[in-house]
Amino acid sequence: MGLNQSVPFEDVDLLASDPALREALEREGAGWARERVWEAGVVAASAEAQAHSRRAERNEPRLVTHDRFGDRVDGVELDPSWYWLLDGAVERGIASAPWADPRPGAHVARAALELMWTHANAGVMCPVSMTYSAVPALRMDPAIAAEWEPRLRDGALCGMAMTEKQGGSDVRANRTTGVHMGGNAYEITGHKWFCSAPMSDAFLVLAQTRSGGKEDGLTCLFVPRILSHGTRNPFRIQRLKDKLGNRSNASAEVELDGTVGFLLGEPGRGVRAIIEMVQRTRLDCVLGSAAGMRQAVAEAVWHARGREAFGALLIDQPAMTAVLADLALEAEAALLTGLRLAQAFEADASPHDVALRRLATPVAKYWVCKRGPQHAYEAMECLGGNGYTESFPLAMRYREQPVMAIWEGTGNVIALDVLRAMTREPDAVAAFADEIRAVRGASALLDGHVERTLGLLDGLRDADPAQAQAQARRLAEALALALQGSLM
């Protein structure tokens, strides 16, 4: 290329350069998917896919409120490259394959495919993740699941609209209402401050419902864009959010006015109905952060191998080697955490894993996602001034990483969830302790950290609630490092 510049990181074999992922696939029971993961990585890193990603990021979504005849359509116009990237994810089963074919290792295989395809574009993974995560909630109504699961496998998307301007993570403060219309249908009225992927075909919505003349409480409702008789369900997009992070995907504010939603679960038990979706979107936050770390390391190492400074390649400079090693170590820890967590969500998960994931999910979500932005910055610095420009992918990666830490619960919300799991679910604590003690004796340093961490956990379990909350972040970090250390 000349002039001491590295060549683009394109047309490379992502799986071949990732022994940690290859080994984890086998260890976590998805070795059968190796060829599929390899193919996804080759396509995601191809010059064609990277060109589509740049185009989708450059040509941002456009809100279309009305058609040319003045009728409301409330649509989002997306670049054709967005659909190329989305189709690639759907065709590879990242949105639904484990539900259609729940063989052992299916969720681990899907996690590995997500790690690969995120390298193509992080924006399309938002609706893909929600579509995957929505299925357990849809299955609370067999009729809805029977109709919509095949649609989701064929490319339909499912988003969510839960948060409101006065509540944020405190969804019990929601003011959106739903009045019982008969059967399992409700008429919804309200405003949602954040609606993820408003171009989706259906949404999960939380509303305060009323039936039989009494208040039910917060309820989970399924809202299709098109009703069964072919009419458009009122779902008015007020505006698209001007957000940090990727530009290819849309987020919006929406108004619900006479919108029809269908009950999922029991009236007044909306949080319970949607919790499995939330657990899986939190899993995908971990995987998204791990994918971003993997891309950041790859770009930094690639640059260091092709760039000289002070008479030697950057890769051979001890100061740079140390930075790259630290970046690689953290990326591998995030990868192993994500795949171990995915294994705990398998259909045939053991009682140990079912208990483990209740605590390990918020623990991993808290730490891996919080480390993502700092990791991206260090990798960006390895590229120097090039890293700071939007022409290179690490600038977008740096903007993208914070969303995983904010979406589905900010640091405080997640740390408090760790406390809830710790105090209410002793089986989860026991499973976590067994997990991190499984390698006892392999490292005196790790053994010491594990015992100190479990001592902190025991102390906070019996502490004054205010004291426990003040230490919740410290506990979540310590638990995460213990888990990562045991996996490494």
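Reader: Which helix do Arg420 and Asp417 both lie in, and how many residues apart are they?

Author: Both residues lie in helix H13, which covers residues 411-424. Arg420 and Asp417 are three residues apart, about one turn of the helix. Please keep in mind that this is a predicted model.

Reader: What do the side chains of Arg420 and Asp417 form?

Author: They meet in a salt bridge, at 3.5 Å from N to O.

Reader: Is Asp417 buried or exposed?

Author: Asp417 counts as buried because its relative accessibility is 6%, and the cut-off for buried is under 20%. Arg420 is partly exposed, with a relative accessible area of 33%.

Reader: Are Lys241 and Glu253 buried or exposed?

Author: Lys241 and Glu253 are both buried.

Reader: Which ring does the charged end of Lys241 sit over?

Author: There are two to name. The charged end of Lys241 sits over the ring of Trp193, 3.6 Å from its centre. The charged end of Lys241 also sits over the ring of Phe194, at 4.5 Å from the centre of that ring.

Reader: Changing topic to strands: how do E6 and E7 pair?

Author: Strand E6, residues 202-211, pairs with E7 in the antiparallel sense over 10 bridges. Within this pairing, Ala207 has Thr219 in E7 as its bridge partner. The two strands form a hairpin with two residues between them, where Gly212 takes a positive phi near 60 degrees.

Reader: And what joins E7 to E9?

Author: Three bridges join E7 to strand E9, residues 251-264, and the two run antiparallel. The bridge partner of Leu221 in E9 is Leu263.

Reader: How many residues of E7 are buried?

Author: Eight of the 11 residues in strand E7 are buried, so the strand, which spans residues 214-224, is mostly covered. Glu215 is exposed, however, because its relative accessible area is 55%, and the cut-off for exposed is over 50%. The side chain of Glu215 meets that of Arg210 in a salt bridge of 2.5 Å, N to O. Arg210 counts as partly exposed, at 36% relative accessibility.

Reader: Now the aromatic pairs: how many are found?

Author: A search of the whole structure finds six aromatic pairs. In one of them, the ring centres of Trp84 and Trp117 are 6.3 Å apart and the planes are at 25 degrees, so the pair is stacked. Trp84 is in helix H4 and Trp117 is in helix H6, 33 residues apart. Trp84 is partly exposed at 25% relative accessible area, whereas Trp117 is buried at 0%.

Phe203 and Phe235 form another stacked pair, 4.3 Å centre to centre with 15 degrees between the planes. Phe203 lies in strand E6 and Phe235 in the loop between E7 and E8, so this pair ties together parts that are 32 residues apart in sequence.

Reader: Last one: which residues touch the most other members of the largest nonpolar core?

Author: They are Leu21, Val37, Leu204, Phe432 and Leu475, in a core of 148 residues. Helix H9, residues 270-306, gives this core its largest share, 16 residues.

Notes: Residues numbered from 1 in each chain as written. Predicted model: local features only at pLDDT ≥ 70, side-chain atom pairs only at ≥ 80, totals over all residues. Heavy atoms only, no water. Core = buried A, V, L, I, M, F, W, Y, C linked by side-chain atoms within 4.5 Å. Buried < 20%, exposed > 50% of the residue type's maximum accessible area, 1.4 Å probe, protein only. Helix = DSSP H or I, 4+ residues; strand = E, 2+ residues; numbered from the N terminus. Pairing = 2+ DSSP bridges. Salt bridge = Lys/Arg side-chain N within 4 Å of Asp/Glu carboxyl O. Phe/Tyr/Trp six-rings, centres within 6.5 Å; stacked < 30°, edge-to-face > 60°. Lys NZ or Arg CZ within 6 Å of the ring centre and 35° of its normal.
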